[in-house]
Amino acid sequence: MKPRNAATLIIVRRDRKTPQVLMGKRNSGHDFMPDLWVFPGGRIDRSDFRAPFATDLTPDVAARFEAHVPKARGRALALAAVRETFEEAGLLLAKKVPVRPLAGPWREFAAHGAAPDLEALDIVARAITPPMLAKRFDTWFLMADAERLVSLDREPDCGELEEIAWVDFDDAIALPLPAVTRTMIGEAVSRMADPSRPRPFMRFGSAKTKFSHL
């Protein structure tokens with residue numbers, strides 16, 4: 001099965017004694033990773049290719065996307081991560097703008113008078129899930145500071161995740177996590193310590209994992 005294009009957002013809060021990461025618990029009724037703690041994210045929607053934004057990707061992030069995927073898809077991946085963070089966690093990585101009517105998946109986002117702040121995003125890693133899985137994803141893991149959120153408070157009546165929490169990174173590792181999420185927590189910690197760190201590209205195979213860099 002061909003992997004679906006997807007993006008995930010790691011949001012880091014630095015206003016506490018130690019940095020914290022946003023984690024969300026998936027509902028027990030999900031057929032994919034029920035009851036596990038994850039970062040908000042999901043697959044690209046067609047609307048992500050034409051959604052308006054307040055700020056664009058930085059030149060470095062745009063160039064890294066373009067080295068691997070078409071320019072339009074790279075930006076759409078970034079927009080998907082921002083949209084899914086709103087849909088799953090009720091948080092807006094955005095700038096305040098005049099309210100404008102939009103149709104489709106971006107309607108509720110725009111209704112809050114907000115447009116995505118893509119400049120806030122950095123790339124942490126990319127991973128492709130194994131071929132034996134019923135659902136496969138080619139996922140880009142992005143990171144942003146919580147100070148770029150419109151608010152730290154979850155928007156009312158928003159959020160598909162059963163629970164969200166700001167968690168110290170050491171405590172996050174102890175949660176019930178998908179294996180790739182555990183790996184990405186470590187990558188996020190390493191990137192905060194060394195922003196020049198190479199960004200891993202992991203292809204999980206049936207027998208072994210292939211590693212390269214973005």
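Colleague: Which side chains meet in a salt bridge at 2.7 Å, N to O?

Modeller: Those of R126 and D138. Please bear in mind that this is a predicted model.

Colleague: Is R126 buried or exposed?

Modeller: R126 has a relative accessibility of 9% and counts as buried. D138 is buried as well, with a relative accessible area of 9%. The cut-off for buried is under 20% relative accessible area.

Colleague: And β7 itself, what is its setting?

Modeller: β7 is mostly covered, with six of its seven residues buried.

Colleague: How many bridges join β7 to β8, and how do the two strands run?

Modeller: There are six bridges between them, and the strands run antiparallel. Within this pairing, A125 stands opposite F141 of β8.

Colleague: Which way does β7 run against β10, parallel or antiparallel?

Modeller: β7 and β10 run parallel, joined by three bridges; β10 covers residues 200-204. R126 has F201 as its bridge partner in β10.

Colleague: What does T139 touch, beyond its neighbours in sequence?

Modeller: Leaving aside neighbours within four places in sequence, T139 is in contact with A6, A7, T8, A125, R126 and A127. T139 is placed in strand β8, and at 11% relative accessibility it counts as buried.

Colleague: Let us turn to the core. How many residues are in the largest nonpolar one?

Modeller: The largest nonpolar core holds 40 residues, and F65, L121 and L142 have the most contacts inside it. At least two of its residues come from each of β1 (4-13), α1 (59-66), α2 (71-89), β7 (122-128) and β8 (137-145).

Colleague: Which element gives the most?

Modeller: Helix α2 does, with nine residues.

Colleague: Why would such residues gather together?

Modeller: As a general point, nonpolar side chains in soluble globular proteins tend to be buried together.

Colleague: What is L142 in contact with?

Modeller: Setting aside neighbours within four places in sequence, the contacts of L142 are T8, L9, I10, F65, A78, A81, L121, D122, I123 and V124.

Colleague: Are R83 and D48 buried or exposed?

Modeller: R83 is buried, at a relative accessible area of 4%, and D48 counts as buried at 1%.

Colleague: Which residues share partners in a network with them?

Modeller: Salt bridges with shared partners join D48, R83, E84 and E87 into one network.

Colleague: What about E108; which residue is its salt-bridge partner?

Modeller: E108 forms a salt bridge with R107, and their closest N and O atoms are 3.0 Å apart. E108 counts as partly exposed at 38% relative accessibility, and R107 is partly exposed at 47%.

Colleague: Now the rings. How many aromatic pairs are there?

Modeller: The count is three aromatic pairs. F65 and W140 form a tilted one, at 4.7 Å centre to centre with 45° between the planes. F65 lies in helix α1 and W140 in strand β8, so the pair ties together parts that are 75 residues apart in sequence. Both F65 and W140 are buried.

Colleague: What is the geometry of W106 and F109?

Modeller: W106 and F109 form an edge-to-face pair, at 5.0 Å centre to centre and with 65° between the planes. Both of these residues are buried.

Colleague: Which rings form a cluster?

Modeller: F86, W106 and F109 are linked into a cluster by ring pairs.

Notes. Residues numbered from 1 in each chain as written. Predicted model: local features only at pLDDT ≥ 70, side-chain atom pairs only at ≥ 80, totals over all residues. Heavy atoms only, no water. Core = buried A, V, L, I, M, F, W, Y, C linked by side-chain atoms within 4.5 Å. Buried < 20%, exposed > 50% of the residue type's maximum accessible area, 1.4 Å probe, protein only. Helix = DSSP H or I, 4+ residues; strand = E, 2+ residues; numbered from the N terminus. Contact = heavy atoms within 4.5 Å. Pairing = 2+ DSSP bridges. Salt bridge = Lys/Arg side-chain N within 4 Å of Asp/Glu carboxyl O. Phe/Tyr/Trp six-rings, centres within 6.5 Å; stacked < 30°, edge-to-face > 60°.
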